Amino acid sequence: MQKEYTVTVYTEDRIGITNRITIIFTRRGINITSLTTAETEIPGVYKFIITVLSTREKLDKVVGQIERLIEIHRAFVHEEEEVVYQELALYKISTRSLHTGDIERLIRENNARILTITAEYFVIEKTGHQQELIDFIKKLEPYGLIEYSKSGRVAIVKWSRRFHEHLKELQTQEAEHGL
């Protein structure tokens, strides 16, 4: 049965690695709904957070293929309850709506905040899960929503401590051997 999964991939920083990872999903007919990548707390080790709708069977095969790439340290498939995650959204709203106090109350009630205000518009930032961010769009539309942009998922795996300790050991070994 298809459902949403988070795939985390730990890799070295190499040109073309994003393409090499995503093409594996494409060849299996799996659409990536979100992709976020950034350096981890360990210099030189990058973490890809990939959100997909698929079956566990297909994803286990994809992860096996990804791990065969030379630049990959490890790859994992996680179900929703195994990760703590958030997404970030920015909403550009017409400044005219600030003249009524309603929007400020709406912003506070939804744990959002105003980032910047200009003569024509202001920008609101909100973090949360995807549906929460989409629901906030509907609440903002009557106030003159001009533009919306959302990040991909940022996630921390609940059980990843041992793996991170392993990565730190690798880093220490590389430093000792001058690699």
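Visitor: What share of the contacts with a separation of 6 or more comes from residues 24 or more positions apart?
Guide: This is a predicted model. Take the contacts in the chain with a separation of 6 or more. Residues 24 or more positions apart account for 74% of them.

Visitor: How many helices and strands does the chain have, and in which pattern?
Guide: The chain holds 5 helices and 9 strands. Read along the sequence, they follow β-α-β-β-α-β-β-α-β-β-α-β-β-α.

Visitor: How much of the chain is buried?
Guide: The chain has 179 residues. A residue counts as buried under 20% relative accessible area. By that cut-off, the buried share is 40%.

Visitor: What part of the accessible surface belongs to carbon and sulfur atoms?
Guide: The accessible surface of the chain comes to about 10,700 Å². The part that belongs to carbon and sulfur atoms is 51%.

Visitor: Which strands stand at the edges of the open sheet of 4 strands?
Guide: The order in this sheet is β2-β3-β1-β4, with antiparallel pairing. Each edge strand has a single partner strand, so one side of it is left without a neighbour in the sheet. From one strand to the next, the twist averages 15°. The edge strands are β2 (32-39) and β4 (72-78).

Visitor: At what angle does helix α2 run to β4?
Guide: Helix α2 spans residues 56-67. This helix lies across β1 (3-12), β3 and β4. Its angle to β4 is about 175°.

Visitor: Why do the buried residues of α1 line one face of the helix?
Guide: Helix α1 (residues 17-27) has the buried residues Ile17, Ile21, Thr22, Ile24 and Phe25. The elements covering them include β1, β2, β3, α2 and β4. Seen down the axis of α1, these buried residues line one face because they fall within an arc of 145°.

Visitor: Which exposed residues sit on the face of α1 turned away from its buried side?
Guide: Exposed means over 50% relative accessible area. On the face of α1 turned away from its buried side, the exposed residues are Thr26 and Arg27.

Visitor: What is the phi of Gly29, which follows α1?
Guide: Gly29 comes after helix α1. Its phi is positive, near 75°.

Visitor: Is Phe76 buried or exposed?
Guide: Phe76 lies in strand β4. In sequence, Phe76 and Val9 are 67 residues apart, yet their C-alpha atoms are 6.5 Å apart in space. The relative accessible area of Phe76 is 12%, so Phe76 is buried.

Visitor: Which residue in β7 is the bridge partner of Thr116?
Guide: Strands β6 (residues 113-117) and β7 (residues 121-128) run antiparallel, joined by 4 bridges. A hairpin of 3 residues connects β6 to β7. In β7, the bridge partner of Thr116 is Val123.

Visitor: Which backbone nitrogen does the side chain of Thr95 reach?
Guide: Thr95 sits in the loop between β5 (83-94) and α3 (102-109). With 12% relative accessibility, Thr95 counts as buried. Beyond its neighbours within four places in sequence, Thr95 is in contact with Thr118, Ala119, Glu120, Tyr121 and Phe122. At 2.7 Å, its side chain reaches the backbone nitrogen of Tyr121.

Terms used. Residues numbered from 1 in each chain as written. Predicted model: local features only at pLDDT ≥ 70, side-chain atom pairs only at ≥ 80, totals over all residues. Heavy atoms only, no water. Helix = DSSP H or I, 4+ residues; strand = E, 2+ residues; numbered from the N terminus. Buried < 20%, exposed > 50% of the residue type's maximum accessible area, 1.4 Å probe, protein only. Contact = heavy atoms within 4.5 Å. Areas by Shrake-Rupley, 256 points an atom, 1.4 Å probe, with all protein chains shown as cover. Pairing = 2+ DSSP bridges. Axes fitted to C-alpha atoms, helices over the stretch in contact; angles between N-to-C directions. Arc of directions from axis to C-beta. Polar contact = N/O pair within 3.5 Å; in protein donor to acceptor, adjacent residues only side chain to side chain.
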